[in-house]
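Subject: Structure for your review

Dear colleague,

Please find below the structure that I am handing over to you. My notes on what was found in it follow directly after.

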Amino acid sequence: MTIAHKDALPADWHPSESPKPANGNGLKNGATPEMTDAVRTLLLGVGEDPDRDGLERTPKRVAEALKFLTSGYDQSIEELLNGAIFDVGHDEMVLVRDIDLFSMCEHHMLPFIGRAHVAYIPKQKVVGLSKIARIVEMFARRLQVQERLTRQVAETLQEVLQPHGVAVVIEASHMCMVMRGVQKPNSWTVTSSMVGVFKDDPRTRQEFLNLIQHRHSF
Ligand SMILES: [Zn+2]
């Protein structure tokens with residue numbers, strides 16, 4: 001069995017890519033003048049003066065931040081994995097726990113923040129541990145619902161590794177629930193997606209669930 005904690009991931013794991021250089025209009029990350037105009041309109045809509053000190057550069061910042069937070073649209077699984085699949089004949093559970101997760105709900109475009117736990121039981125093929133975190137990040141940096149995000153991570157690993165099974169649990173706190181609506185600051189949403197042996201074998205599933213509950217002491 002292999003258990004990795006996010007903090008123990010190899011050095012090539014980058015929680016955030018460096019922003020792309022400015023394009024012709026002086027905006028970074030592929031943000032467009034239409035986006036900055038739209039943010040300006042939003043500011044007017046909430047009763048603000050977009051030209052006052054302090055807000056002058058806000059439309060540009062918001063547009064660029066939004067492009068960065070949705071940069072997962074520009075990534076593909078092929079590019080991301082880039083040959084990091086290895087044939088090692090390992091066939092015991094691999095678990096990466098506590099992968100930090102930052103995404104945005106597609107209903108309110110507000111953040112949801114939490115942790116992902118991802119396990120699989122290889123059938124020969126394994127993937128670099130850091131790549132598992134990158135896969136989570138690629139799907140998280142899109143407008144999401146937590147259920148789909150959970151399923152996409154599980155289905156992607158199943159597809160690229162064809163393991164005996166994949167298990168993904170995501171625990172997250174949604175700002176659209178915390179800051180507005182029901183305003184329950186302590187509510188967490190837990191979603192899971194089980195494929196293969198994790199779905200079919202209650203003991204394997206239970207082993208995974210026990211492992212993600214255990215609080216590490218290092
Ligand atoms: Zn929402």
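Predicted model: local features only at pLDDT ≥ 70, side-chain atom pairs only at ≥ 80, totals over all residues.

Is α4 mostly covered or mostly uncovered? In it, helix α4 is mostly covered, as 11 of its 12 residues are buried. The buried residues are Leu-129, Lys-131, Ile-132, Ala-133, Arg-134, Ile-135, Val-136, Glu-137, Met-138, Phe-139 and Ala-140. From its first C-alpha to its last, α4 reaches 17 Å, close to the 16 Å expected at 1.5 Å a residue.

The chain as a whole

The chain has 218 residues, and 29% of them count as buried. Its secondary structure comes to eight helices and eight strands. Among the contacts with a separation of 6 or more, 71% are accounted for by residues 24 or more positions apart.

The largest nonpolar core

The largest nonpolar core holds 37 residues, and the members that touch the most others are Val-118, Val-136, Val-153 and Val-168. Two or more residues come from each of β3 (94-105), β4 (111-121), β5 (124-127), α4 (129-140), α5 (146-161), β7 (165-174) and β8 (189-196). The element that gives the most is α4, with eight residues.

Val-136 is placed in helix α4. Val-136 counts as buried because it has 28 C-beta neighbours inside 10 Å, where 20 or more are required. Not counting residues up to four places away in sequence, Val-136 touches Ile-99, Leu-101, Ala-116, Val-118 and Val-153. Val-136 and Leu-95 are 41 residues apart in sequence, and their C-alpha atoms are 14 Å apart in space.

With the same exclusion of residues up to four places away, Val-168 touches Ala-116, Val-118, Thr-150, Val-153, Ala-154, Ser-192 and Ser-193.

Strand β4 and its partners

Strand β4 is also mostly covered, with eight of its 11 residues buried. β4 runs antiparallel to β3, to which it is joined by nine bridges. In this pairing, Phe-112 of β4 is the bridge partner of Ser-103. β4 also runs antiparallel to β7, and 10 bridges join the two strands. Here Gly-114 stands opposite Ala-172 in β7.

Helix α5

Helix α5 has 16 residues and reaches 23 Å from its first C-alpha to its last, close to the 22 Å expected at 1.5 Å a residue. Its buried residues are Gln-146, Leu-149, Thr-150, Gln-152, Val-153, Ala-154, Leu-157 and Leu-161.

Thr-156 also belongs to α5. Why is Thr-156 classed as partly exposed? The reason is that 19 other C-beta atoms lie within 10 Å of Thr-156, whereas a buried residue needs 20 or more. Leaving aside neighbours within four places in sequence, Thr-156 is in contact with Ile-77 and Ile-135. Thr-156 and Val-166 are 10 residues apart along the chain, with 9.6 Å between their C-alpha atoms.

Positive phi angles

Most residues other than glycine have a negative phi. Which residues here take a positive value? Met-109 is one of them, with phi near 55°. Met-109 is found in the loop between β3 and β4, a hairpin with five residues between the strands. Met-109 is partly exposed, because 13 other C-beta atoms lie within 10 Å.

Gln-124 likewise has a positive phi, of about 75°, although it is not a glycine. Gln-124 lies in strand β5. Gln-124 is partly exposed, because 14 other C-beta atoms lie within 10 Å. A further case is Gln-162, which follows α5 and has a positive phi near 45°.

Yours sincerely,
A colleague

Definitions and conventions. Residues numbered from 1 in each chain as written. Core = buried A, V, L, I, M, F, W, Y, C linked by C-beta atoms within 7 Å. Helix = DSSP H or I, 4+ residues; strand = E, 2+ residues; numbered from the N terminus. Contact = placed C-beta atoms within 7 Å. Expected span 1.5 Å × (residues − 1). Pairing = 2+ DSSP bridges.
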